[in-house]
Amino acid sequence: MSIFTGSGVAIVTPFHADESVNYDKLDELIEFQISNGTDSIIICGTTGESSTLSEEEHMDCIKFAIERVKGRVPVIAGTGSNSTYTTIQMSKEAVEDGADGLLLVTPYYNKCTQAGLAAHYTAVAKEAKAPIILYSVASRTGVNIAPETVASLVKDVENIVAVKEASGNISQIAKIMHLTDGNVDLYSGNDDQVVPLLALGGKGVISVLANIAPKYTHEMCAKYFAGDTKGSCKMQLDAIPLIEKLFCEVNPIPVKKALNLMGMEAGPLRMPLTEMTEANAAKLAGEMKAFGLKLA
């Protein structure tokens, strides 16, 4: 059984003005997501600014999300690191706290080999007894998970069950599904490629767009699974201009700005991320209005 099917939100981490974690606002954002049909909460991923959270903050956010969700939807914890031992430590703690799954980004900066990736993921999976989603996003980490490596891990390691593919390379993704005979849960890591990946046998998306349009993103997936591929495709294409604005600066700069424009008080970013330029913010606001989102 898949960890989830449909739209999983890569939820932001809201901060107070002093950049401390705003847990009251995180609670509100979680409720906003669940009430609008989001199928899973992914906490402390890239969009959650995990790279600038302390380990204590990181684990506190995961535990908080699990406690607030109360089993209504699966909670997937982002516990990947460039250190295998740190990844193991955080992953085990997240599982003990009740995470339904783990999202493990490839070790960044180290630029390990494919053999290194296989050893890393195998070691984590052995210690952290929960379903694992491999996260391939070479544009962030400098390391791509080759289709052959994905296929080998899925075949040989029982609790490695899924891959979040954010390479943008449709040919690579198709090869993963070919080499695994479709026996891997595929999630899109790119909001502009959700329906194409569903067509390849995907289970859904781990989405940035869902932060501001949770119902829309859920329904785009639901339509596809209900057999309305034409309707799902139209929703995908209609969202492209907004998605482009959500990635006109590095994620999560635009989506946090978008939430603030909607009056949802996600707060500032932590350096080295900086606030969106005024010109891009104006374009984002314009596209949000065109999409039908209400601004504060």
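Into how many nonpolar, polar and charged residues does the lining of the largest pocket divide? The model described here is predicted, so local features need pLDDT of at least 70 and side-chain atom pairs count only at pLDDT 80 or more, while totals for chains, interfaces and linings use all residues. Residues are numbered from 1 along each chain as its sequence is written, and side-chain values use heavy atoms, with hydrogens and water left out.

The lining of the largest pocket divides into twelve nonpolar, 13 polar and four charged residues. Here Ala, Val, Leu, Ile, Met, Phe, Trp, Tyr, Cys and Pro count as nonpolar, Asp, Glu, Lys and Arg as charged, and the others, Gly among them, as polar. On a 1 Å grid over the protein atoms alone, a pocket is an open set of points with protein on both sides within 12 Å along at least five of seven lines, a cavity is a set of points where a 1.4 Å probe fits but cannot get out, and lining residues have an atom within 4 Å of a point. The largest pocket holds about 580 Å³ of space, a volume being the space filled by probe spheres set on grid points joined across faces, edges and corners. Of its 29 lining residues, Thr 46, Ser 50, Ser 51, Thr 52 and Tyr 108 lie nearest the centre. Two or more lining residues come from each of α2 (55-69), β4 (101-105) and α5 (138-141); helices (H or I, at least four residues) and strands (E, at least two) are DSSP runs, numbered from the N terminus.

The second largest pocket holds about 400 Å³ of space. Its lining has 23 residues, with Val 137, Ser 139, Gly 189, Asn 190 and Phe 247 nearest the centre. At least two of the lining residues are supplied by each of α5, β8 (204-207) and α10 (229-246).

Turning to the annotated sites, an unreviewed UniProt entry gives the annotation "active site" to Tyr 135 and Lys 164. UniProt positions follow the numbering used here, feature names are shortened, and annotations may be inferred rather than shown by experiment.

Tyr 135 lies in strand β5 (residues 132-136), and Lys 164 in strand β6 (residues 160-165). Tyr 135 counts as buried because its relative accessibility is 7%, and Lys 164 counts as buried at 6%; buried means under 20% relative accessible area, exposed over 50% and partly exposed in between (1.4 Å probe, protein chains only). Leaving aside residues up to four places away in sequence, Tyr 135 touches Lys 164, Thr 46 and Tyr 121, among others, where contact means heavy atoms within 4.5 Å.

The unreviewed UniProt entry also places the feature "binding site" at Thr 47 and Ile 206. These residues are spread over 160 residues of sequence but cluster in space, with a largest C-alpha distance of 10.3 Å. The lining of the largest cavity includes Thr 47 and Ile 206. Thr 47 sits in the loop between β2 (40-43) and α2 and is buried at 4% relative accessibility. Ile 206 belongs to strand β8 and is buried at 2%. Among the residues that Ile 206 touches is Lys 164, one of the two residues annotated "active site" by UniProt.
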